[in-house]
Amino acid sequence: MTSVKTLRAALVGTGAVANAHARSVAAYPRAELVAVADLSPEKAQEFAERYGIAAAYGDLDEMLAAEHPDVVLICTPPGPHRSQSLAAFAAGAHVIVEKPPAPSLDELDDMRAGAEAAGRQLAVVFQQRTGTAAAHVRSLLQSGALGRPLVAVCQTLWFRDADYFAVPWRGKWQTEGGGTTLGHGIHQIDLLAHLLGDWSSVQGRLWRLDRETETEDVSTATIVFEQGVVAQLITSAVSPREASSIRIDTQKATITVDHVYGHGHENWRVTPAPGFESEAEGWGFPDVEERSDHEPLLRDVFDALLDGGPLPATADAPARSLEIVAGIYASAAGDGAVITPEILAAHPTHRAGFASPVTDLRR
């Protein structure tokens with residue numbers, strides 16, 4: 001049974017995604033957003049007034065010392081995630097951090113170690129794992145109902161114009177950590193890995209086709225998963241008709257999800273292979289639908305924190321998708337070399353950062 005305790009939540013960073021966090025806390029009956037911090041005290045105060053939050057701060061450490069929150073929601077760019085998480089753990093708080101969880105694997109390792117040392121939880125927000133459709137498809141795959149998965153295609157085809165990259169910290173290795181692979185593609189990569197499990201090898205290339213950036217505006221990659229699935233990836237920031245899609249072909253069916261920034265039952269389809277039409281009657285989606293969103297993710301994490309149990313599958317494995325992204329960058333730095341988890345674990349450069357050569361094809 002869930003504890004009678006009410007979680008005292010605090011939020012740092014008041015950019016666009018912070019609104020989704022504030023709404024999600026408000027929708028959860030056993031949590032209260034008691035404070036917000038931002039480098040701009042004016043923005044913090046404006047955010048606090050918008051959501052009826054009692055206290056606003058211009059400094060995270062000041063907020064932690066004054067408020068003693070149970071959980072800190074980190075909604076800042078990835079650069080300060082490590083220091084902010086460690087400060088929250090030291091103050092006795094759990095951490096829920098927006099993706100990407102860190103700009104490097106080394107920094108994420110520090111965050112995970114800080115959580116363990118403090119006896120706290122580190123949850124990463126990859127909200128596309130959520131929703132009843134994703135849970136249902138994952139169950140079908142894990143149960144073997146669809147046979148063995150064989151081949152997959154994962155596409156993140158988004159559009160970010162020149163003004164988007166004109167923001168000073170964007171498009172630079174030092175301040176953003178990576179390009180469209182890290183900033184955009186990681187959502188679909190994470191959902192793919194949520195469905196298919198651990199990876200065994202990655203090969204990738206980085207391309208600059210049109211935007212004025214240090215980092216890539218397009219990447220391509222091949223991932224092999226431990227269970228023997230071969231997946232082809234393309235991630236783009238230069239695609240006017242935006243689409244986010246995954247296709248998984250199994251022995252008995254093809255699974256597809258086609259959306260942009262979130263999905264419901266209407267975005268998913270399971271098509272039986274010839275001869276398996278009769279089995280498809282048992283593959284139907286649940287009658288009650290919940291779309292992918294921040295709200296179910298925070299709800300399930302809050303439930304786990306109140307119960308003292310492990311994090312839900314929608315918020316665990318904080319390193320898996322970041323490792324795949326790191327593998328793509330490391331492979332590009334090695335001219336398309338095959339990167340395995342063992343190679344990545346001891347990689348001389350790409351645990352500390354993702355800066356890699358980008359093939360420039362602009363005209």
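In the predicted model, helix α3 passes helix α4 in a right-handed crossing, a crossing being right-handed if the near helix is turned clockwise from the far one by less than a right angle, and left-handed if anticlockwise. Helices (H or I, at least four residues) and strands (E, at least two) are DSSP runs, numbered from the N terminus. The axes of α3 and α4 lie 10 Å apart, and the two helices pack at an angle of about 15°; axes are lines fitted to C-alpha atoms, for helices over the stretch in contact, and angles run from 0 to 180 degrees between N-to-C directions. The angle makes α3 roughly parallel to α4, where angles under 35 degrees count as roughly parallel, over 145 as roughly antiparallel, 65 to 115 as roughly perpendicular and the rest as oblique. The contact (heavy atoms within 4.5 Å) is made by L60, D61 and L64 on the side of α3 and by Q84, A87 and A88 on the side of α4.

Residues are numbered from 1 along each chain as its sequence is written. The model is predicted, so that local features need pLDDT of at least 70 and side-chain atom pairs count only at pLDDT 80 or more, whereas totals for chains, interfaces and linings use all residues; side-chain values use heavy atoms, with hydrogens and water left out.

Helix α4 spans residues 81-90, and H81, Q84, S85, A87, A88 and F89 within this helix are buried. Buried denotes under 20% relative accessible area, exposed over 50%, and partly exposed in between (1.4 Å probe, protein chains only). An α-helix has 3.6 residues a turn, so residues three or four places apart point the same way. The cover over the buried residues of α4 includes the strands β1 (7-12), β4 (71-74), β5 (94-98) and β6 (122-125), together with the helices α3 (60-67) and α5. After α4 comes G92, with a positive phi near 90°.

UniProt, in an unreviewed entry, lists residues 8-124 as "domain: Gfo/Idh/MocA-like oxidoreductase N-terminal". UniProt positions are given in the numbering used here, feature names are shortened, and annotations may be inferred rather than shown by experiment. Over residues 8-124 the chain is 47% helix and 23% strand, with the end C-alpha atoms 19 Å apart. A further feature from the unreviewed UniProt entry, "domain: GFO/IDH/MocA-like oxidoreductase", is placed at residues 136-255. That span is 28% helix and 43% strand, and its end C-alpha atoms lie 11 Å apart.

Several local backbone features were also identified. Most residues other than glycine have a negative phi, and most peptide bonds are trans. The peptide bond from K99 to P100 is cis, with omega near -20°, and P100 is located in the loop between β5 and α5. A317, a residue other than glycine, has a positive phi near 45°; A317 is placed in the loop between α10 (294-307) and α11 (320-333) and is partly exposed at 27% relative accessibility. D335 likewise has a positive phi, near 55°, in the loop between α11 and α12, and is exposed with a relative accessible area of 62%. In helix α1 (residues 16-27) lies A16, which counts as exposed at 70% relative accessibility. The C-alpha atoms of A16 and T76 are separated by 9.9 Å, although these residues are 60 apart along the chain.

Side chains of opposite charge can pair when their charged atoms come close. A search of the whole structure finds 19 salt bridges, each defined as a side-chain nitrogen of Lys or Arg within 4 Å of a carboxyl oxygen of Asp or Glu. One of them joins R351 to D109, with the closest N and O atoms 2.8 Å apart. This pair links distant parts of the chain, 242 residues apart: R351 belongs to the loop between α12 (341-345) and β14 (359-360), and D109 to helix α5 (residues 105-118). R351 is buried, at 14% relative accessible area, whereas D109 is partly exposed, at 30%. Another salt bridge connects D249 with R247, the closest N and O atoms being 3.0 Å apart; D249 is buried at 17% relative accessibility, while R247 is partly exposed at 39%. In the salt bridge between R299 and D300, the closest N and O atoms are 3.0 Å apart. Relative accessibility is 30% for R299, which counts as partly exposed, and 23% for D300, also partly exposed. Salt bridges with shared partners join D106, D109, R112 and R351 into one network.
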